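Follow along with the model beside you.

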Amino acid sequence: MSPATTGTFLLTAFLLSCADGINGTVNWKTRQANSFIISRKMAAGKKDVYTLFSKVHADRNVYPSAGVLFVHVLEREYFKGEFPPYPKPGEVSNDPITFNTNLMGYPDRPGWLRYIQRTPYSDGVLYGSPTAENVGKPTIIEITAYNRRTFETARHNLIINIMSAEEFPLPYQAEFFIKNMNVEEMLASEVLGDFLGAVKNVWQPERLNAINITSALDRGGRVPLPINDMKEGVYVMVGADVTFSSCLREVENPQNQLRCSQEMEPVITCDKKFRTQFHIDWCKISLVDKTKQVSTYHEVVRGEGILPDGGEYKPPSESLKSRDYYTDFLVTLAVPSAVALVLFLILAYIMCCRREGVIQLVHHSSIQKSTKELRDMSKNREIAWPLSTLPVFHPVTGEIIPPLHTDNYDSTNMPLMQTQQNLPHQTQIPQQQTTGKWYP
């Protein structure tokens, strides 16, 4: 603002403050066809609050056609002049500016209208394809610009007057998926014009229009990694008045369909006309022939909106008979209790009266006792000693050698076969060594 403009603004606020007990609003016009709104209100009866709401631009009218792509750029340069410049003179103003768009009286935009702005230092873009239902109805879009440095706002209205197209919709429509473009790059008039020119060279129609542009993210696509300058991808739908060319139908042949199912690029002869600037995924191309589609629209017969008369409402009588729930209570408790008692008795009989485990334990105990008695009896029995335990004669001296065990020896633990030992009464028999090469 100039010093004179700033002084006028402060004087207006002072005059408004002098009017005691008055809540008012002053519209302050400038020579730039904009206005400042100064509002004075009592804050809980304590002090006056002065609010600078926004600078309001004049309304702008646009006239798009139904069924044709509509693009409106919100230029930052258009709003920069409404915000105060940098404190240092001579510097170029480059404030971060963001935009908020909504249908007047509503918190969001119409369903057919989209908005995108990548950064606060880039322009915003409104785009979409108007529908035939909105023809003849002015659509007022409120556009509010926010200066993120000074927190000031500037506002103006965009009035969209949708016109009816001569031939709507175009009978033949094709949707292309371009992998190396973002939606804001494709919305640029130069880029979109180059793409339509390439399509026209391949299709050769008399009339060719861009119908709609949709980001791949709006179709469920993933945000690309920030490497190798990867793009989100964009779907571009175009319409024409002539049938599809043979090049566009090449993707429908069985060989290309097989390559698409194997995630391979199909062989398209006209791809070189797009490849220099646009990388098209031919497996995702969609060809729609409106002339062959059967209309399923049925006219809806609307009534008067009044429900049929069902008579006068009759509430229930106050003299209702009381209901006795005692029988229901007994049935609810008695039946489950009886069933539970029967099951308890059956289980008690099985566990206490028919226990086979007790008999098995008694039988095992009797076997154990019998085994112990037999072992005790075996220690005291008188039996003939084996021949190996009887007295023998010494083979050299002829003396009688006493037995190996005494009479009171416990024979129950005696092994049947004695291990070979060198007893004191045994004679060592020398072993004959074989003479040979390996012996002395």
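Predicted model: local features only at pLDDT ≥ 70, side-chain atom pairs only at ≥ 80, totals over all residues.

**Entry 1: strands β11 and β13**

I looked up β11 (residues 172–178) and β13 (residues 234–240) and found them antiparallel, joined by seven bridges. I noted two partners across this pair: Glu 175 bridges to Met 237 in β13, and Phe 176 bridges to Val 236 in β13.

Next I asked myself how many residues of β11 are buried. The count is seven of seven, so I wrote the strand down as mostly covered, with buried meaning under 20% relative accessible area. I then sorted the side chains by direction. Tyr 172, Ala 174, Phe 176 and Ile 178 point one way, while Gln 173, Glu 175 and Phe 177 point the other way, and all are buried. I put a mark beside Glu 175, which is on the list of buried residues and has Met 237 as its bridge partner.

**Entry 2: the rest of the sheet**

Put together, I have an open sheet of four strands in the order β12-β13-β11-β14, with antiparallel pairing. Which strands are at the edges? They are β12 (208–215) and β14 (286–289), as each pairs on one side only. I also noted the twist, which averages 20° from one strand to the next.

Helix α4 (residues 189–203) packs on this sheet and touches β11, β12 and β13. The direction of α4 makes about 125° with that of β12.

Six of its eight residues are buried, so β12 is largely enclosed by the rest of the structure.

**Entry 3: two buried loop residues**

I looked at Ser 129 next, in the loop between β8 (124–128) and β9. Is Ser 129 buried or exposed? Its relative accessible area is 14%, so it falls below the 20% limit and counts as buried. I listed what Ser 129 touches beyond four places in sequence: Gly 67, Val 68, Trp 112, Ile 211 and Asn 212. Ile 211 and Asn 212 fall within the range of β12 (208–215). I also checked Gly 111, which is 18 residues from Ser 129 in sequence and 9.8 Å from it in space, C-alpha to C-alpha.

Cys 270 is in the loop between α5 (254–261) and α6 (272–275). Cys 270 is buried as well, with a relative accessible area of 5%. Leaving aside neighbours within four places in sequence, I found Cys 270 in contact with Val 202, Cys 247 and Trp 282. Val 202 falls within the range of α4 (residues 189–203). Glu 250 is 20 residues from Cys 270 in sequence, with 9.5 Å between their C-alpha atoms.

**Entry 4: two positive phi values**

I searched for positive phi outside glycine and wrote down two residues. Phe 151 has a phi of about 60° and sits in the loop between β9 (138–147) and β10 (153–161). With a relative accessible area of 68%, Phe 151 is exposed.

Glu 263 has a positive phi near 60°, and its place is in the loop between α5 and α6, where I had also found Cys 270. Glu 263 counts as exposed at 78% relative accessibility, whereas Cys 270 is buried.

**Entry 5: a nonpolar patch**

On the surface I noted a nonpolar patch with about 950 Å² of accessible area together. Its members include Val 331, Val 335, Leu 343, Leu 347, Tyr 349 and Met 351. I looked up Leu 347 and found it in helix α7 (residues 326–352).

**Entry 6: the whole chain**

Last, I took the totals. The secondary structure comes to eight helices and 16 strands. Of the 440 residues, 29% count as buried. Among contacts with a separation of 6 or more, 61% are between residues 24 or more positions apart. The accessible surface is about 32,000 Å², and carbon and sulfur atoms hold 57% of it.

Definitions and conventions
Residues numbered from 1 in each chain as written. Heavy atoms only, no water. Pairing = 2+ DSSP bridges. Axes fitted to C-alpha atoms, helices over the stretch in contact; angles between N-to-C directions. Contact = heavy atoms within 4.5 Å. Buried < 20%, exposed > 50% of the residue type's maximum accessible area, 1.4 Å probe, protein only. Patch = residues over 30% accessible without salt bridge, like charges linked within 9 Å, V, L, I, M, F, W, Y side chains within 5 Å. Areas by Shrake-Rupley, 256 points an atom, 1.4 Å probe, with all protein chains shown as cover. Salt bridge = Lys/Arg side-chain N within 4 Å of Asp/Glu carboxyl O.
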